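Dear colleague,

I am passing on the structure we spoke about, with some notes on its packing below. Please look through it alongside the text.

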Amino acid sequence: MCFGRVCIQGTISQYFGTVECIICGEITRDGVCKQCCGRPQTVHTILGNKIRSIDRSYNQLRELCFHCIGWRDPNVSCISLDCPNLYHLNRAATRLQTVPQMLDILSAVVSTS
């Protein structure tokens with residue numbers, strides 16, 4: 001599992017990605033380093049806060065879109081490239097895709113303690 005820095009196409013980091021602990025930033029081969037695995041309550045708290053923050057950010061941006069569009073249809077998305085929130089919403093949606101992996105790490109760390 002890699003939750004390190006996001007690789008951007010066309011850069012050298014795409015080929016030589018650093019794997020960092022999602023909790024403390026130390027270099028590790030797994031999503032969480034051994035030191036952090038020894039502190040499951042800290043992992044639970046930090047990952048829970050990250051997941052909550054990602055979810056809240058995405059939902060707040062979707063609320064802005066619903067307000068702008070004029071109705072609440074999750075299947076309708078913004079098509080205006082002039083929209084100042086479009087980039088932020090897409091970025092938040094990308095971050096939201098990492099939540100299942102965070103939940104997997106969380107359950108693995110909690111189950112080993």
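Which residues touch the most other members of the largest nonpolar core? In this predicted model, that core has 15 residues, and those touching the most other members are Ile23, Val32, Cys36, Val43 and Leu47. Two elements, helix H2 (40-69) and helix H4 (99-112), each give two or more residues to this core, and the largest share, five residues, is the contribution of H4.

As for how the two helices lie against each other, H2 and H4 pack at an angle of about 165°, with a separation of 10 Å between their axes. Because angles over 145 degrees count as such, H2 is roughly antiparallel to H4, and the crossing of the two is left-handed. On the H2 side, the contact is made by Pro40, Val43, His44, Leu47, Lys50, Ile51 and Ile54, while H4 brings Val99, Met102, Leu103, Ile105, Leu106, Val109 and Val110 to it.

Helix H3 (residues 86-96) deserves a separate word, its buried residues being Leu86, Leu89 and Ala92. These residues lie on the same side of H3, because the arc that they cover around the axis is only 125°. An α-helix has 3.6 residues a turn, so residues three or four places apart point the same way. Among the elements that cover the buried residues of H3 is H2.

With best wishes

Methods
Residues are numbered from 1 along each chain as its sequence is written. This is a predicted model: local features need pLDDT of at least 70, side-chain atom pairs count only at pLDDT 80 or more; totals for chains, interfaces and linings use all residues. Side-chain values use heavy atoms; hydrogens and water are left out. A nonpolar core is a set of buried Ala, Val, Leu, Ile, Met, Phe, Trp, Tyr and Cys residues joined through side-chain atoms within 4.5 Å. Buried means under 20% relative accessible area, exposed over 50%, partly exposed in between (1.4 Å probe, protein chains only). Helices (H or I, at least four residues) and strands (E, at least two) are DSSP runs, numbered from the N terminus. The arc is that of the directions from the helix axis to the C-beta atoms. Contact means heavy atoms within 4.5 Å. Axes are lines fitted to C-alpha atoms, for helices over the stretch in contact, and angles run from 0 to 180 degrees between N-to-C directions. Angles under 35 degrees count as roughly parallel, over 145 as roughly antiparallel, 65 to 115 as roughly perpendicular and the rest as oblique. A crossing is left-handed if the near helix is turned anticlockwise from the far one by less than a right angle, and right-handed if clockwise.
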